[in-house]
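Colleague: Could you take one part of this model and go through it closely, then connect it to the rest?

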Amino acid sequence: MSLKKKLLRMKPGVKEEEKTIPQEPEDVDKFKELGFYPFYLDGDISYRRKVLYPFTEENNLKASLEKLKNIWKMDEAAHPLHFSKEVGNLLFFDTETTGLSTGAGTMIFLIGYARVLEEGIEVTQHFLTGPEQEAAFMGGFLDDFSEEDIIVSYNGKSFDWPQVKSRHAFLRRELPKLPEAGHIDLLHAARRFWKNELPSCRLAVVEEHKLLIKRHNDTPGSLAPLLYFDYVHSKDPFPLKGIIDHHEQDVISLVRLYILLAEKACTYAEHTSAAEHEAAAHWWESLKQWERAEHHWRLADKLADKPSSQRLYRMALNLRKQNKVVKAITILESLQAAKYPHAEAMEELAKYYENTEKNLDKALKAVETGLTSAAPEKTVLKLRKRRDRIRTKKEKTR
Amino acid sequence: MIRKKVLSELIGELKQDPQIEHWHEIPEMEAKSTSFPENLDPKIIKALQHRGINSLYTHQRSAYEAVKRKENVVAVTPTASGKTLCYNLPVIDKFFQNSNARALYLFPTKALAQDQKTELNDLVDEMEADLKSYTYDGDTPANIRQVVRKAGHIVITNPDMLHSAILPHHTKWISLFENLETVVIDELHTYRGVFGSHVANVIRRLKRLCNYYGSNPAFICTSATIQNPKELAEDLLGEKVTLIDNNGAPRGKKHIAFYNPPIVHQQLNIRKSATKVVNELASRFLREKIQTIVFARSRVRVEIILSHLQELIKDEYIKRSIRGYRGGYLPNQRRDIERSLRNGETIGVVSTNALELGVDIGQLQVCVMSGYPGSIASSWQQAGRAGRRQDESLVIMVASSTPLDQYVFSHPEFFFSGSPESARINKDNLIILSDHIKCAAYELPFRKGESFDDLGAEEVEELLDYLTEMRVLHQRAEKWYWMNDAFPAHNISLRSAAQENVVIIDQSDVASHKVIGEMNTFSALTLLHDEAIYLHEGIQHQVEYLDWDEKKAFVRKVDVDYFTDANLAVKLTVLEIDKEKEVKDAVIQYGDVMVTAMATIFKKIKLDSFENIGSGPIHLPEQELHTNGMMIEFADHMFQELGEDEVEQVLLGLAHTLQHVASVHVMCDKQDIHAVPEVKSVHAELPTLYLYDKYPGGIGLAERIYAQSSIVMEKALHFVWNCPCEGGCPSCTGIPGSEDRKEKAWVLKLLSYLTEEENL
């Protein structure tokens, strides 16, 4: 019995698929229909499509990016969204792959990126016509990519780029070195701003709610691998049109998404909500930029429809960090009078009374106010400890 | 005050015990040492001397020299003979010659890997060398993984991680693969059967990638005593291997006692419970503060023996210094127990075979085994736990009434004749092979004409064609590319025999359902059907719902006084006969068989009286298993005087005996091989006994039994003959004899019929 026959018998239920006879039509024409043109590199063929989408008067993304570039220039601390090169060096980047795992058997079959030029957005897409053409395909991309470029992606730091590196590792003898370019991953930024607001931070969800893009008759991305496998067998790229167009839309969305997020983070743009200002403030604080954060806290407070003791507490902490003690204490004292006092704020206030003002009575009162509020156990324990210590201190001084 | 008795006195007393069936003494042996090799780096010598090592044992030096000659080696070393130096020495030496050299260490379990890392680091620290070793397993934090990939000189891991995390992501490990000089495989003997066959294919994949990255590592293996270490290593590695077995480590005098508990029911041949006897024996030594290890067969047994021992011993201090050790304990707890055993704080330990592997616990004085551990090799490993370098030690094996134990006890020569089991793998098992070809194609496209290590290009191509037709691969320009969105390594487990397992979910606690185990689909038919009583660690659970499509069994704890017994209608179809031999009028064949099994009904049987108190139907689809099997076909006239029912009883008895004896003979688990009788076989309409591998595609067990059928039959004959029962008992033919006690006589008749001819 042949191995094949044996295997078929051991795995009942799996039928031999009917062989599809690959037709060999003129590839070129089929691809031209999709807007892809052959591209020759060292004798190998690869297909790419380059489209320029001119700006309209009211929507000049180049101008927005130039503005951001100038603002970033003035920043001393490097914000994760910042860039210092030319706008044309931003490479809004995405890939489509044959699977979701990042192992050696997953291939990239579509690389796409947008550059913002003077006259409009230029989108380039490279298509892998077959696994044996990978060197030409990757070569086509590398030809267009330099160390000066900055990749802007959505989840590219943990998915797309490692995948590019892995594919490149296979071809490292045939290809130039992979440049060590900068990388801005917008997923992290989107999570910071919208984690609590959106049901998920998938690009499609963000597009729908934040860029107000609604897609009709869209091919779901999860079908991409299967459609590609079908293409490899049938050699007919047309069923992939939906995937390719979607992918093009994705990289264009990245441009708009970057501008939106960067404006929220580094300007005081009107489209920024109270919650987003808070997120921006947190982000700057994590970079130890207290003053930038303070502005966002203030704007958040102004825009919010109701006051929040948590926000005031954070603002007070921020002010303390900047040594604006009086302002900070004023806020904390206002919180002490609130109906539901903020426990951690009371601890902070007590610290100040105890250590700086050396007023044990006031400190004790602050602690006790804090203990009347609902607080996490950890805070309650800390407050109790402090209360006991202040009481002992008071005993001693008596 | 009563003087404490010393070990030698207790040994003297035990010798007089009438239940001792066999007493064996292994004389002491002096150490055989040699000097350090001249070309060994002085830094290494200094570090070793600092640790009190001034010379090497002969086997350590032989291993070093063989590796120097660029040979692959397998070192066979008993417990505590300094086996780690057999590989650490050459690996560290290579590092001093070339600081880029990398090594990969494979240990069968995570715990062993941790142990080794500590030991290795201690040695390296003494040398002040910049040699970095890391463990890489499921617990390694993500930020450390990066470092390990880029900079680990020695990466310590297990075959499962190599299979599912390292090989499929090889592009992240380029510096390891490009500079890999040595691969160390510890505890080689554990890689047998299905697991070993998988691992052999993982090694094929490893070698394929090394070849791609331009390295050609040497392999250093260590193994406990088995009959065929060299053969196993060569099979596993697909390369020539040099055997190192000139063990030079010293050894004290060792006594081995076979203790058979007294018979308490003469007719049924039932003996006193082995657990009770083990408790009594172990407490004798523990009371005198003699360090003792007790091996039990299961986790539950460990707990039972432990609590009994603590009851039997009154001394509070000793009571506290008896501990359990088994899987399921947390790693920290285990480390603590190991440490306290080494420094003598813990006097007694009750363990499962978890302590059989090379975990360092120092050496104890007495080892008590509750039952024969199932193979000679693991018996010797357990026995090796007793015996300090120079002192006298004692090993007691206590038999239970299972046929296996009684067989071993009636044949001590089988145990001591110095031929432990051989370990087999079948890496070309089609199911296993095609799984790994998939993984390999995922890792790197196959070129036309490429072989898969020692598997020829022609066979590889046939498999690739098959996978191409299945639309897993795609052929283009003389290469086969992976064209599927799956990650094949995740669906292939190295450890499980069946491809798909039924997960057992305990829903006793409504708030948190818990997975308590898994079972292969074939066994699940009869053990996990709706309403079955399933025992897990001694606790009764009832199956409330078996979701066959999703392969989930939902169970709940119950307390009932019955168990369930399902009828499995098994049909065997012979697909192809590969080999055949005649023994008088009987025919023994070997070939491909198809086993179809369907669970039909189950019975509820009362625990104490064995009354049938109810039954119900089972609605589960028929299962198919295509495997290799051996058939023994008897001529009709041999049974002339018996009715059909009687023939069935006789064949059942023969099946029971052969299944046990054969599994001992080929060193496999009882569950790996199955014996089924048919009064009228489908293909020849003759009384037939089938023995088949219980794994799709077969793993070579039936083939081996066929090849040595005369020896197996003879062993079975002697075993049944020597069983003291009258008409058959659970220890030999599996069923208590009927009143006229024909079965045993008939089983003997058949076995002698099958053996005598061969002797002519």
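Modeller: F92(A) stands opposite V152(A) in β6(A). This is a predicted model, in which local features need pLDDT of at least 70, side-chain atom pairs count only at pLDDT 80 or more, and totals for chains, interfaces and linings use all residues. Residues are numbered from 1 along each chain as its sequence is written, chains are lettered from A and ligands numbered from 1 in the order in which they are written, and side-chain values use heavy atoms, without hydrogens or water.

F92(A) and V152(A) face each other across two strands of chain A: strand β3 (residues 90-97) and strand β6 (residues 150-153) run parallel and are joined by three bridges. (Strands are DSSP E runs of at least two residues and helices H or I runs of at least four, numbered from the N terminus; two strands pair if DSSP finds at least two bridges between them.) Both belong to an open sheet of seven strands in chain A, ordered β1-β2-β5-β4-β3-β6-β7, with mixed pairing. At the edges stand β1 (37-41) and β7 (182-185) of chain A; each has a single partner strand, so one side of each is left without a neighbour in the sheet. With direction ignored, neighbouring strands of this sheet are turned by 30° against each other on average. (Axes are lines fitted to C-alpha atoms, for helices over the stretch in contact, and angles between N-to-C directions run from 0 to 180 degrees.)

Two helices of chain A pack on this sheet. Helix α4 (residues 134-142) touches β1, β2 (44-54), β3, β4 (108-116) and β5 (120-127) of chain A, and its direction makes about 10° with that of β4(A). Helix α5 (residues 156-170) touches β3, β4, β6 and β7 of chain A, and its direction makes about 75° with that of β3(A). (Contact means heavy atoms within 4.5 Å.)

The loop between β3 and β4 of chain A holds T98(A). T98(A) counts as buried because its relative accessibility is 2%. (Buried means under 20% relative accessible area, exposed over 50%, partly exposed in between, with a 1.4 Å probe and protein chains only.) Leaving out residues up to four places away in sequence, T98(A) touches G105(A), T106(A), M107(A), F109(A), P225(A), Y228(A) and F229(A), as well as N484(B) and D485(B) of the other chain.

Strand β21 (residues 479-482) of chain B pairs with β19(B) in the antiparallel sense over two bridges, and K479(B) in β21(B) is the bridge partner of R447(B).

Strand β5 (residues 102-106) of chain B runs parallel to β7(B) and is joined to it by four bridges, with L106(B) partnered by T157(B). Strand β6 (residues 133-135) of chain B also runs parallel to β7(B), over three bridges, with S133(B) partnered by I154(B).

Back in chain A, helix α7 (residues 203-210) has L203(A), V205(A), V206(A), E207(A) and K210(A) as its buried residues. Their cover includes α6 (186-194), α9 (241-266) and α10 (274-286) of chain A. L212(A), which follows α7(A), has a positive phi near 55°.

Further along, Q322(A) sits in the loop between α12 (309-321) and α13 (325-336) of chain A. Beyond residues up to four places away in sequence, Q322(A) touches W290(A), E291(A) and E294(A). A345(A) is 23 residues from Q322(A) along the chain, and their C-alpha atoms are separated by 17 Å.

As for confidence, chain A averages a pLDDT of 87, and 93% of its residues score at least 70. Residues 12-25 of chain A fall below 50, though this stretch has 17 contacts in the model beyond near neighbours in sequence. (pLDDT is the predictor's confidence in each residue, from 0 to 100.)
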